[in-house]
Amino acid sequence: MSIIDLLLQPYIFIPLVFPGLIAAFVLLLIIIWLERKIAAKVQLRYGPLYVLKPLGGVIQTVADLLRYLFQEPIIPKEVDKAAFLLTPAFLFGLAYLPLIIIPISPTYYAFRSDLSLLIALALTTLAPIFTLIMGWASNNKFSLIGSVREGYLVTSYETPIFLSALSMAVLYNSLDLVEIAEAQRRIWGVFLNPIAAANMLVLIYMSTSKFPFEIPEAESEIVAGPYTEYSGIIYGLVMGASYIKLYVLSLIYSILFLGGWNPSPSPDPFISGGLLFLKAFILVAFGAFLRAVYPRFRIDQAVNIGWRIAFPLSILSILLSLVLIMGGVRFAS
């Protein structure tokens, strides 16, 4: 077997290339540049410009990455060194891990399970634990406040996000991501259960601390929250983790509500995977756009949204799915 054939094997290509490490890294560079550019346009500024000026400074993020790589990380004396240094690696790794489970066509996947939806969602819930440890290990009041805020947010969004996803699993009669995408050949889930779709989209932005839920980091109040004491490439890791998590949840959302790779004109995994990536990219870009147009909520407002609005809506979305099933709606994969 040649190196190219080996690279194209799903168990290597998906974790390493697409939708895995390389695709996530490219999306990370593009989306951070796009986020800065959109915010600048709304505020009547230029934003990133001078690094490759003819293309609007599109490789500014690459220059920033090089700076992080060669910048000396500063480790304060008062921190718990083991926890301080290890938690960014665990945070980034757990944000990336669910990508291995994401299929990119009906026949091209690295790992398939009857419970793949639950496994992917469960893995995304582990990262906040390390954000809490990070805040404690930093021995800094801003870091501690930021991590406690993250803890409050987790309790308010995790239950509704699972219930919204499970409302669609009830409708599709499956927890397998491949079967869920194939079940939407005729009609996408977003048109049958818009309550679950709208609710889960808002909760995705809340779970990744994107505006208007950028409460744990809140630069104008607590510097950078749990990441205040980090610098150099370690800071790059912790900041990149939330974007990777947003990318993962956008892929899961695209499979649950936007038909996955449907309507793909070809079963070729590169075409169907490209269509799936495009849908996820639009969701991530929309999250970047929100930064420019929405002010940040207070922590009590965000928790109220989670328990008083998102939770009842997630229960309502399950009831809607049950009504549709009793009304004779069936998805066939």
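Me: What angle and what axis distance describe the packing of helix α8 and helix α13?
Reply: In this predicted model, helix α8 (residues 141-172) and helix α13 (residues 232-257) pack at about 30°. Their axes are 10 Å apart.

Me: Why are α8 and α13 called roughly parallel?
Reply: The angle is about 30°. Angles under 35 degrees count as roughly parallel. The pair α8 and α13 is therefore roughly parallel. Their crossing is left-handed.

Me: Which residues of α8 and α13 meet?
Reply: From α8 come Tyr 157, Ser 164, Ala 165, Met 168 and Tyr 172. From α13 come Lys 245, Leu 256 and Phe 257. By class, this contact of α8 with α13 holds six nonpolar residues, one polar and one charged.

Me: What makes Lys 245 the charged residue in that contact of α8 with α13?
Reply: Lys counts as charged, along with Asp, Glu and Arg. Lys 245 of α13 is among the residues that meet, and the contact has one charged residue.

Me: Why are α7 and α8 called roughly antiparallel?
Reply: α7 and α8 pack at about 160°, with axes 7 Å apart. The cut-off for roughly antiparallel is over 145 degrees. So α7 and α8 are roughly antiparallel. The crossing of α7 and α8 is left-handed.

Me: Which residues of α7 and α8 are in contact?
Reply: α7 brings Pro 128, Thr 131, Leu 132, Gly 135 and Trp 136. α8 brings Ser 143, Leu 144, Ser 147, Val 148, Glu 150, Gly 151, Val 154 and Tyr 157. The classes here are seven nonpolar, five polar and one charged. Gly counts as polar, and Gly 135 and Gly 151 are in this contact.

Me: How many cavities does a search of the whole structure find at 30 Å³ or more?
Reply: Two cavities reach 30 Å³ or more. The largest cavity has about 140 Å³ of space. It has 14 lining residues, and the closest to its centre are Thr 131, Ser 207, Tyr 227, Ser 242 and Lys 245. α5 (81-96), α7 (127-137) and α13 each give at least two residues to this lining. Its classes are six nonpolar, five polar and three charged.

Me: What makes the second largest cavity count in that search?
Reply: Its space is about 50 Å³, and the search takes cavities of 30 Å³ or more. The second largest cavity is lined by Leu 121, Thr 124, Thr 125, Tyr 157, Glu 158, Ile 161, Phe 162, Ser 207, Lys 245 and Leu 249. α8 gives the largest share, four residues. By class, the lining has five nonpolar, three polar and two charged residues.

Me: Which helices line the largest pocket, and what is its volume?
Reply: The volume is about 790 Å³. Among its 34 lining residues, Ile 32, Arg 36, Met 239, Gly 240 and Tyr 243 are the closest to the centre. α3, α4, α5, α13 and α14 each supply at least two lining residues. α13 gives the most, nine residues. The lining of the largest pocket divides into 20 nonpolar, six polar and eight charged residues.

Me: How many charged residues line the second largest pocket?
Reply: None: the classes are 14 nonpolar, one polar and no charged. This second largest pocket has a volume of about 240 Å³. Of its 15 lining residues, the closest to the centre are Ala 198, Val 202, Leu 203, Phe 213 and Ile 305. α11 (194-207) and α15 (299-326) each give two or more residues. α11 gives the most, with six.

Me: How do you know that the bond from Phe 18 to Pro 19 is cis?
Reply: Its omega is near 0°. Pro 19 sits in the loop between α2 (10-16) and α3 (21-42). A cis bond also joins Asn 262 and Pro 263, with omega about 0°. Pro 263 lies in the loop between α13 and α14 (269-293). Most peptide bonds are trans.

Me: What makes the phi of Leu 44 worth a note?
Reply: Leu 44 has a positive phi of about 60°, although it is not a glycine. Most residues other than glycine have a negative phi. Leu 44 lies in the loop between α3 and α4 (60-70).

Technical notes: Residues numbered from 1 in each chain as written. Predicted model: local features only at pLDDT ≥ 70, side-chain atom pairs only at ≥ 80, totals over all residues. Heavy atoms only, no water. Axes fitted to C-alpha atoms, helices over the stretch in contact; angles between N-to-C directions. Parallel < 35°, antiparallel > 145°, perpendicular 65-115°, else oblique. Left-handed = near helix turned anticlockwise from the far one by under 90°. Contact = heavy atoms within 4.5 Å. 1 Å grid on protein atoms, 1.4 Å probe; cavity = no way out; pocket = protein on both sides within 12 Å on 5 of 7 lines; lining within 4 Å. Points joined across faces, edges and corners; volume = space filled by probe spheres on them.
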